[in-house]
Amino acid sequence: MSTWKKIKSWPLLLPVVALILVMAVNIIHDAATGVNPLSFFSISLRETTTNGTILYGRLIDVINRGSEIAILAIGMTLVVSASAGTDISVGSVMSLCASAMCVTLAGYGVSSTTTLAKPLVIGLLAAILMGIVCGAFNGTLVAHLSIQPMVATLILYSAARAIGLLLCNDLIVYVRNPSFAFIGSFLGPIPTPIVITAICIAIVSVVLKKTALGMYIQSVGINARASRIAGLNSKLLIFLAYTLCGVFASIAGIVASSRITSADSNNIGLYLEMDAILSVALGGNSLGGGKFNLAGSIIGAYTIQAITTTLYALGVSSIQAPVYKAVIVIIIVVIEAPPFKAFLKRHSAAFASKGV
Amino acid sequence: MEENVVLTARGISMTFPGVKALDNVDFTLRKGEIHALMGENGAGKSTLIKCLTGINDFEAGEIRVEGVDGPVKNRSTKDAQNIGISTVYQEVNLCPNLSVAENLFIGREPLTKLHTIDRKSYNKRSMKIMEDLGISVDVTQNLENYSLAIQQMVAIARAVDMDCKVLILDEPTSSLDDEEVEKLFSLMRKLKEKGVGIIFVTHFLEQVYAVCDRITVLRNGAFVGEFPIAELPRVKLVAAMMGKDLDDLAEIQKEQKDYSKEPMEIEAKGLSHAGTIKPFDLNIHKGEVVGIGGLLGSGRSELARCIYGADKAQTGTLAVAGQQVKINQPIDAMNKGMGMLPDDRKAEGIIADLSVRENIILALQAKRGMFKQLSRAQQEEIADRYIDLVKIKTASKDTLIKQLSGGNQQKVILARWLATDPDFLILDEPTRGIDVGTKSEIQKLIVKLAGEGKSVLFISSEIEEMLRTCNRMVIMRDGQKVGEIDHDLSQEGVMKAIAGGES
């Protein structure tokens with residue numbers, strides 16, 4: 001096979017092209033404004049008073065800020081693949097997990113603390129446990145009661161933030177403790193969220209590579225009945241996908257909460273469920289379930305963050321940003337749509353035959 | 001264009017990645033003729049039809065249709081319909097929750113002056129259409145209230161009413177019983193009188209000889225020949241399809257021996273599943289092939305599914321190799337050495353978007369469990385071995401299974417179960433929609449498995465097939481096991497048992 005053909009059949013081609021396009025906008029903008037065209041990629045060390053020497057640059061910023069979306073995208077990819085549905089509760093579940101963690105760390109009814117009431121590990125476990133409970137709840141509704149995923153997860157989408165507020169006694173609980181804030185700040189010069197995301201991706205990649213989970217989930221997503229006859233427990237696998245999605249939502253919640261050293265029920269993870277779903281789609285995965293490509297989803301997640309960061313860099317106000325974001329997303333989604341690909345193929349064939 | 005010819009295809013060629021699907025194929029359809037398109041699985045029948053209907057984009061050759069100047073190149077089925085080519089598939093592509101009349105006029109509803117749908121007129125017109133074709137239905141009833149055969153006829157009626165000159169019937173009889181097939185045939189003859197050219201694709205040889213006027217045979221994507229029916233007796237047809245003289249199916253020889261001394265493999269007592277199968281007892285010895293006879297819907301599949309746990313048994317007990325077992329779902333049965341090839345290949349067999357390799361190893365992997373993944377090398381070795389063993393025609397082991405022909409898909413599922421090395425294998429309609437050559441291969445395989453001491457439960461709509469391979473037959477009627485025949489297996493005897501009563 002020629003190199004060109006190999007590139008053309010690479011499943012990550014479009015997601016990568018989309019990411020490059022977004023970066024290109026930065027380069028053009030920088031060149032036009034007379035700044036070093038590659039300033040988007042420049043990474044430097046910078047001294048800060050609070051965190052010592054840290055890595056600094058727009059690229060680092062994208063990867064750092066994109067952590068929550070990337071972590072959510074992992075779980076979302078599994079859910080989409082196994083159940084041909086989306087978990088729209090992840091943003092709210094993030095917030096609920098953050099609340100559970102902060103309440104555990106601060107104690108019920110305390111609105112602000114600098115000392116931890118319980119060891120940090122207990123707080124983290126509380127968040128993850130809450131994520132498992134939420135995921136298992138969604139999973140039970142979808143897998144065992146056959147409720148449509150959108151409807152099933154709509155319950156926690158609307159309720160989880162309120163439950164979080166109940167846990168927090170209607171307060172924004174601040175945990176201003178350095179050991180907690182560490183999760184959202186820096187590990188040496190590297191932002192900790194990047195490290196956490198990398199660990200999550202690494203663990204999931206190893207699990208997918210070393211166990212048959214990936215094939216099981218895809219098989220169930222493509223044909224649950226046939227999978228059952230072939231000996232797979234379709235319901236259990238769908239349940240597992242949602243539970244894992246809950247776990248990843250809790251990890252994203254921990255990161256988001258630590259960044260602002262508080263559990264702000266109304267704002268943590270707001271609209272992130274949509275970004276997570278979009279990551280999966282931008283990654284070239286069908287929302288109809290079945291085959292999935294985790295790397296694609298993760299690239300998709302960072303693409304979304306890159307768009308956001310780029311718009312801020314271009315000076316677009318945060319109120320107008322969604323409009324530009326929508327336009328870019330439309331372009332990317334159209335490029336990846338099968339009819340458009342078929343159209344290009346037809347025309348490139350026609351062009352080639354004319355050329356001869 | 002010659003007189004009386006409605007459609008010609010000349011020199012059609014088409015390649016799929018790695019496979020030459022059609023190579024310079026000719027096809028001619030005359031007015032008022034029923035023309036059978038025959039060939040083994042993967043011979044290119046479906047591909048050719050898809051070229052005619054605009055689903056496939058062929059590379060070379062031309063198609064001409066009566067009344068259209070110049071070569072025709074359809075881009076979609078809609079284009080094809082516009083010039084009078086309609087297709088009716090085995091799976092009916094209509095809306096079951098709409099009425100018969102609505103289905104007939106969907107997308108082209110007659111309108112009143114106010115541009116609302118003119119229900120009165122289309123019910124009336126629907127009644128007229130159905131009457132003309134001699135189909136007695138209430139057109140205001142929902143389509144789902146009628147049998148598959150009637151649904152198919154509605155699909156045909158819809159095609160005919162849209163002024164079709166060429167009607168393509170792709171495996172229309174696969175899921176019909178004899179009586180329904182006869183009804184369909186009389187409809188086809190009626191359309192023939194009206195001058196419609198019909199292309200008929202089927203695997204049932206007897207049906208070809210019952211209605212067709214002419215046969216075109218394809219083999220491995222190439223045109224073998226076009227024959228008037230009288231000049232091509234069955235044996236020659238089979239030879240033309242396979243490219244060799246049929247090594248007679250009669251050579252399949254099951255062992256004649258008394259199995260009652262053999263150890264018991266399966267002992268079911270009073271198993272049942274509410275609504276599908278009444279309590280039944282069934283014993284199967286080691287190395288025995290047991291067939292299940294009965295009409296479609298008599299509970300043949302349901303009995304097998306109940307043993308396998310596809311439908312969990314609600315009463316009764318099951319012992320496998322002398323041990324009492326509790327089976328809640330298929331994996332439990334698999335762990336006791338069972339395997340089941342389900343009758344609905346599309347819905348319960350293939351995982352369409354996975355590769356041939358993954359489809360083959362799926363059951364074995366499920367049995368090993370999630371954490372003991374077969375290495376890539378092991379997977380490839382297994383895939384290669386079974387592709388070779390059951391002769392699966394595929395471009396590569398990483399081809400998606402959905403790109404294979406029906407018969408080859410079936411072989412992949414068979415390979416999936418053979419890979420798990422089962423002691424007891426349930427084969428539910430393994431030969432449905434499969435060409436003669438593959439059929440005999442599968443039958444031989446069943447006899448061979450039994451020779452290796454494996455037990456097989458074999459379900460088929462073709463009695464001859466079971467007579468050839470089974471040692472004993474279980475007879476089903478109305479969701480109940482009504483008897484067993486263990487000696488004098490003859491077509492007549494089995495038929496009588498299936499029919500029941502004194503007749």
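The model is predicted, so local features need pLDDT of at least 70, side-chain atom pairs count only at pLDDT 80 or more, and totals for chains, interfaces and linings use all residues. Residues are numbered from 1 along each chain as its sequence is written, with chains lettered from A and ligands numbered from 1 in the order in which they are written.

Chain A to begin. Helix 4 (residues 67-83) of chain A packs against helix 9 (residues 192-210) of chain A at about 15°, with axes 9 Å apart. Axes are lines fitted to C-alpha atoms, for helices over the stretch in contact, and angles run from 0 to 180 degrees between N-to-C directions. That angle makes helix 4 of chain A roughly parallel to helix 9 of chain A (angles under 35 degrees count as roughly parallel). By class, their contact has 9 nonpolar, 2 polar and no charged residues. Nonpolar means Ala, Val, Leu, Ile, Met, Phe, Trp, Tyr, Cys and Pro; charged means Asp, Glu, Lys and Arg; the others, Gly among them, are polar.

Next pair. Helix 6 (residues 120-144) of chain A and helix 12 (residues 234-259) of chain A pack at about 150°, axes 7 Å apart. Here the contact has 17 nonpolar, 10 polar and 1 charged residues.

Now chain B. Its C-alpha atoms fill a box of roughly 70 × 50 × 50 Å, taken along the principal axes. Buried residues make up 47% of the 503 residues in chain B. Buried means that 20 or more other C-beta atoms, placed from the backbone, lie within 10 Å of the residue's own.

Conventions:
Helix = DSSP H or I, 4+ residues; strand = E, 2+ residues; numbered from the N terminus. Buried ≥ 20, exposed ≤ 12 C-beta atoms within 10 Å, placed from the backbone. Parallel < 35°, antiparallel > 145°, perpendicular 65-115°, else oblique.
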